Amino acid sequence: MKRWFFLLVAALGLALSQQPAPLKIGVVVSATGPAASLGIPERNTFLLLEEEVNKRGIGGRRVQFVILDDASDTTQAVRSTRKLIQEDQVVAVIGTTTTPASLGMIDVVAEAKVPMISLAASKAIIAPVDAKRSWVFKTPQTEELMARAIVADMKERGVKTVAYIGFNDAYGEGWWTFFAQEAKEGGLNVVANERYARTDTSVTGQVVKIIAARPDAVLVGASGTPAVLPQRTLNERGYKGLIYQTHGVANPDFLRVGGKDVEGTLLPAGPILVAEQLPSGFPSKKPALDYITRYETKFGIGSYSTFGAHAYDAWLILRAALERALKNANPDNLAAFRAALRDELEATKNVVASHGVFSFSKDDHLGLRFQDTAVMVQVQNGRWKLVRMFR
Amino acid sequence: MDWTVFSFLAADAIQSGTIYALLALALVLVFAVTRVILVPLGEFLVFAPLTYAFFLPPAVSGLELGGQIPGTAWLSATLLAVWAVLERGHPRRALGLLLAAAGVVALAWVGARGVPLWLGWLLAVLVVLPLGPASYRLFFEPVRNATVLVYLIIAVGLHFAYQGLGLVFFGPEQYRLPAVWGGQTNVGIVPVNNQAFLVYGFAVLAMAGLYLFFTRSLYGKALRACAVNRYGARLLGISPSQAGYVSFGIATLISAVAGMLLAPLINPAYFQGFLLGLKGFVAGILGGLISYPLAVVGALVVGGFEQWAGYASSAFKDALVFALLLPVLLWRSLRSHEIAEEE
């Protein structure tokens with residue numbers, strides 16, 4: 001009896017030792033700090049994915065997400081990235097939530113030659129694709145794509161003159177740069193350009209100046225609940241034209257704090273925001289609904305956000321690339337596998353995800369086509385309503 | 001800038017100026033009596049309305065909090081309980097403080113169960129009110145004869161602690177609160193929120209109240225005596241600690257009520273208090289941190305200048321407001337020859 005037991009243990013040990021080591025994927029997100037409302041759904045998405053992926057594994061291997069929090073801080077993000085690469089020996093890094101921290105991580109991954117998929121918005125993260133950025137990809141739409149959607153919508157509605165008011169930080173400046181450029185190309189006349197701080201409690205001075213310039217439309221280049229203030233002040237001071245926001249407000253808190261002040265707001269968004277309203281031919285409809293159902297099953301009805309979906313998209317791209325890379329390269333030779341994985345990421349074609357269809361190339365590490373990734377949404381009766389597609 | 005623009009800006013300047021004036025009054029009061037520059041005053045200003053958000057029915061606030069007790073109540077109760085421990089030499093006082101701590105939690109519990117709006121409003125002020133005096137007892141009283149600089153460093157530390165706790169308690173997003181008096185009234189061509197009139201009413205009331213308090217009541221006169229000469233006041237049997245509690249209490253009350261009245265106009269969030277407090281401080285400095293009427297004038301100047309800066313060059317608005325300090329400080333330092341006295 002005893003001998004049988006030993007044999008069994010030995011056999012089990014042998015079997016276990018032959019099972020390949022799990023594929024480790026590093027994740028850096030801002031689960032705390034100012035960007036937490038974006039970072040938390042991203043982290044939750046990976047918790048959800050890890051459970052599901054390991055029911056089958058990839059190429060016979062288990063997948064392990066090593067998730068670190070950067071507290072919305074660049075230094076912390078860089079340190080976490082180093083730790084993931086050196087100590088945890090990850091094959092790829094996904095993250096992080098914010099643009100400055102993602103920019104900081106580029107040097108680290110390029111030096112260690114590890115592919116990275118950022119979840120932050122700015123175009124500067126992936127363009128131009130130079131020696132360093134050849135290791136870097138990203139999933140969220142750039143300001144440029146969304147500004148194009150806004151300008152296209154403005155032209156359709158017969159807007160001739162437009163005013164801009166945005167944050168006096170990287171977000172507001174980034175939007176101003178791309179919006180001014182798109183507006184100029186679209187033949188719109190920008191009549192005012194104002195700034196305010198996220199912490200401001202009054203923007204009357206700026207708003208009075210904007211109203212005095214009599215624009216047909218106003219674009220608010222702000223994110224989250226602080227984006228309500230200019231819009232509220234515009235209403236209180238009797239502005240009657242169109243008001244546009246950016247996709248940085250696409251969360252329930254904006255609707256809650258804005259209330260009737262934000263009724264009628266127009267904004268560009270990823271298709272997932274209005275997934276149920278998309279026509280059945282829209283490519284992202286199925287993956288978006290799929291993601292929402294899975295997320296809400298685990299975390300509760302109404303808990304999903306468009307930001308978590310960027311993490312989901314990153315995983316869809318990475319999973320496909322991993323499957324292909326596993327055919328030609330062995331993960332035990334880490335350096336070669338990381339390089340192979342990068343090549344396969346760059347070869348990504350037509351991955352249908354919740355925010356659009358991704359096709360990377362040598363010069364394009366965003367890979368989103370405008371018509372598949374941006375829709376115009378309006379706030380109607382306190383809900384997001386799809387009002388325009390560009391297909 | 002034409003007449004229309006000017007009157008719109010002026011209306012808003014008066015609104016924000018009034019808030020700065022209230023904060024400046026509270027800061028000057030606390031500084032005169034205790035030599036503390038109460039940096040965390042702005043935190044008390046936002047804590048009150050954010051606590052109120054927890055006492056609102058879900059249909060009004062849009063939040064599903066499920067009867068959760070706001071973190072500020074636990075903070076208040078904890079500080080009061082620690083105060084009670086410090087007073088263990090006086091069992092009756094200690095017992096009273098413990099009862100107060102339990103009372104705060106009980107009030108918050110009642111509030112979170114769902115109460116009429118006006119009652120929730122009062123409860124929120126009551127829950128936040130102990131924070132001021134308790135902060136004085138716990139953090140400033142133990143270093144009774146420290147320099148102004150030491151007090152300032154403690155105050156800045158408290159500000160960071162309370163702001164961080166604000167993020168923990170209330171999260172990063174703003175809240176929407178119902179106006180006590182909704183709608184707008186046209187004054188000339190300018191639509192003014194009715195809620196703003198309540199702010200003005202409270203400001204007038206607070207100023208008149210403070211005036212009467214300082215000129216007519218024994219407590220007020222004792223505080224003034226403390227402000228003029230602490231040592232002399234003590235010789236006359238006035239307790240400086242008691243003066244500290246009273247002045248911190250009045251300051252907290254003023255800023256909490258100001259916050260409650262202002263909140264429906266600004267959608268409060270945990271981070272907004274500091275900047276408001278800082279501008280109140282600038283206003284106080286314009287009055288040399290000693291004169292109440294000058295502080296009020298200073299507050300209106302800050303409010304007006306801020307609106308003008310927002311209109312003329314919005315990207316540099318706050319920089320311009322704080323730059324206002326430089327000429328004033330220069331002028332004052334050239335004019336006054338007294339050497340800062342430390343006791």
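About 780 Å² is buried between domain 1 of chain A and domain 2 of chain A, and carbon and sulfur atoms give 60% of that area. Buried area here is the accessible area (1.4 Å probe) that two parts lose on being put together, summed over both. On the domain 1 side, A:Lys123, A:Gln141 and A:Phe307 supply 59% of the area buried against domain 2 of chain A, more than any other three residues. The assignment gives domain 1 as 22–141 + 289–368 and domain 2 as 143–269, with bounds that come from an automatic or database domain assignment. Eight residues of domain 1 of chain A touch seven residues of domain 2 of chain A, where contact means heavy atoms within 4.5 Å. The C-alpha centres of the two domains of chain A lie 31 Å apart.

A note on the model: it is predicted, so local features need pLDDT of at least 70 and side-chain atom pairs count only at pLDDT 80 or more, while totals for chains, interfaces and linings use all residues. Residues are numbered from 1 along each chain as its sequence is written, chains are lettered from A and ligands numbered from 1 in the order in which they are written, and side-chain values use heavy atoms, with hydrogens and water left out.

Now to the partner chain. Chain A and chain B bury about 2,700 Å² between them, with 47% of it on carbon and sulfur atoms. The contact involves 29 residues of chain A and 30 residues of chain B. In chain A, the residues that lose the most area to chain B are A:Thr201, A:Arg237 and A:Arg256, together 23% of what that side buries.

Inside chain A, helix H5 (residues 143–156) packs on helix H6 (residues 170–185) at an angle of about 45°, with the axes 9 Å apart. H5(A) is therefore oblique to H6(A), a class for angles that are not under 35 degrees (roughly parallel), over 145 (roughly antiparallel) or 65 to 115 (roughly perpendicular). By class, this contact of H5(A) with H6(A) has nine nonpolar, one polar and four charged residues. Among the residues that meet are A:Met146 and A:Ile150 in H5(A) and A:Trp175 and A:Phe178 in H6(A).

| Cis peptide bond | Omega |
|---|---|
| A:Gly95 and A:Thr96 | about 0° |
| A:Ala127 and A:Pro128 | about -5° |

A:Thr96 sits in the loop between strand E3 (92–95) and helix H4 (99–112) of chain A. A:Pro128 is in the loop between strand E4 (116–118) and strand E5 (136–138) of chain A. Helices (H or I, at least four residues) and strands (E, at least two) are DSSP runs, numbered from the N terminus.

Methods. Axes fitted to C-alpha atoms, helices over the stretch in contact; angles between N-to-C directions. Nonpolar A, V, L, I, M, F, W, Y, C, P; charged D, E, K, R; others polar.
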